[in-house]
Amino acid sequence: MVAGNWKMHGSRAANQTLLGELEMSLKPEWPIDIVVFPPYVYLSDAVRMLEGGRISVGAQDVCAESGGAFTGQVCASMLKDVGCTHVIVGHSERRRWYHEDDALVARKFAVVLAAGLTPVLCVGETLDEREAKQTEAVISRQLDAVITMHGVGGFARGVLAYEPVWAIGTGRTASPEQAQEVHAFLRNRIHAQDAKIARHLRILYGGSVKAGNSAELFSMPDVDGGLVGGASLSADEFQQICAAASLSGSAHH
Ligand code: PGA
């Protein structure tokens, strides 16, 4: 799976160009899921533009409530209603700038599942935490908040993304070995509760994924794709990343 997290970028004109170019260059037969995550206001447009194609559309966030007097918020059933299939929850930018804690993220994970959509749960440590050897403690805490609230069963439909905060938007990618180490740790933690779910779970790597480093990252046994920020805004880069994922996807089969 390759996910393109556009963050707060885009315009009607730019989105039309980008999605048009992607539709032309992404091959229908590639054995991967490709999902783009535009800002809320462009979701309907993106769904309409991509109808019948091979790219799905997801949202970058969701409200943990299921509707009502929550000014400015958008609930999961609305995202489903406009044609989204996926929702990112717990992105580090949400955790950092909007003070989302593990409990809130776990509630968001649940409302996404309840709406019949696929949550993409992001976990990851900061540079300070990595240097203090807290990586496993931090990502365990973030993952366990979801498992404790809802059981491991949600990961039968959910997707997990490891995004080391120090690698996001910095141009500093985790090495394939660093990514593999953490991905294996996460899969083992799920495995301890349910071997089948662990085997089928897709764990994406995110943090400065580019065309030039994606093949190496995706060649790792526990790296099942990428959550791509900056490089997802370039049709050419994103297409090359999808091509790399599809090659390694075929190899895993
Ligand atoms: P980046 O962002 O690829 O620009 O580092 C990744 C993300 O935040 O999902």
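## Cavity

About 30 Å³ of space lies in the largest cavity. A cavity here is a set of points on a 1 Å grid over the protein atoms alone where a 1.4 Å probe fits but cannot get out. Points are joined across faces, edges and corners, and the volume is the space filled by probe spheres set on them. The structure holds one cavity of 30 Å³ or more.

This is a predicted model: local features need pLDDT of at least 70, side-chain atom pairs count only at pLDDT 80 or more, and totals for chains, interfaces and linings use all residues. Residues are numbered from 1 along each chain, and side-chain values use heavy atoms, without hydrogens and water.

## Lining

Lining residues have an atom within 4 Å of a point. For the largest cavity they are Gly 90, Ser 92, Arg 95, Cys 122, Val 123, Gly 124, Gln 142, Glu 163 and Val 165. Three are nonpolar, four polar and two charged. Cys and Val count as nonpolar, Glu and Arg as charged, and Gly as polar.

Helix 4 (92–97) and strand 5 (118–123) each supply at least two lining residues. Helices (H or I, at least four residues) and strands (E, at least two) are DSSP runs, numbered from the N terminus.

## Aromatic pairs

Rings of Phe, Tyr and Trp (its six-membered ring) pair if their centres lie within 6.5 Å. The count comes to two aromatic pairs. One of them joins Phe 109 and Phe 155, 5.1 Å centre to centre. Their planes are 40° apart, a tilted pair (stacked is under 30 degrees, edge-to-face over 60, tilted the rest). Phe 109 lies in helix 5 (residues 102–114) and Phe 155 in the loop between helix 7 (135–150) and strand 6 (159–162), so the pair ties together parts 46 residues apart in sequence.

Phe 109 is buried at 1% relative accessibility. Phe 155 is also buried, at 1%. Buried means under 20% relative accessible area (1.4 Å probe, protein chains only).

Definitions and conventions: On a 1 Å grid over the protein atoms alone, a cavity is a set of points where a 1.4 Å probe fits but cannot get out, and a pocket is an open set with protein on both sides within 12 Å along at least five of seven lines; lining residues have an atom within 4 Å of a point. Buried means under 20% relative accessible area, exposed over 50%, partly exposed in between (1.4 Å probe, protein chains only).
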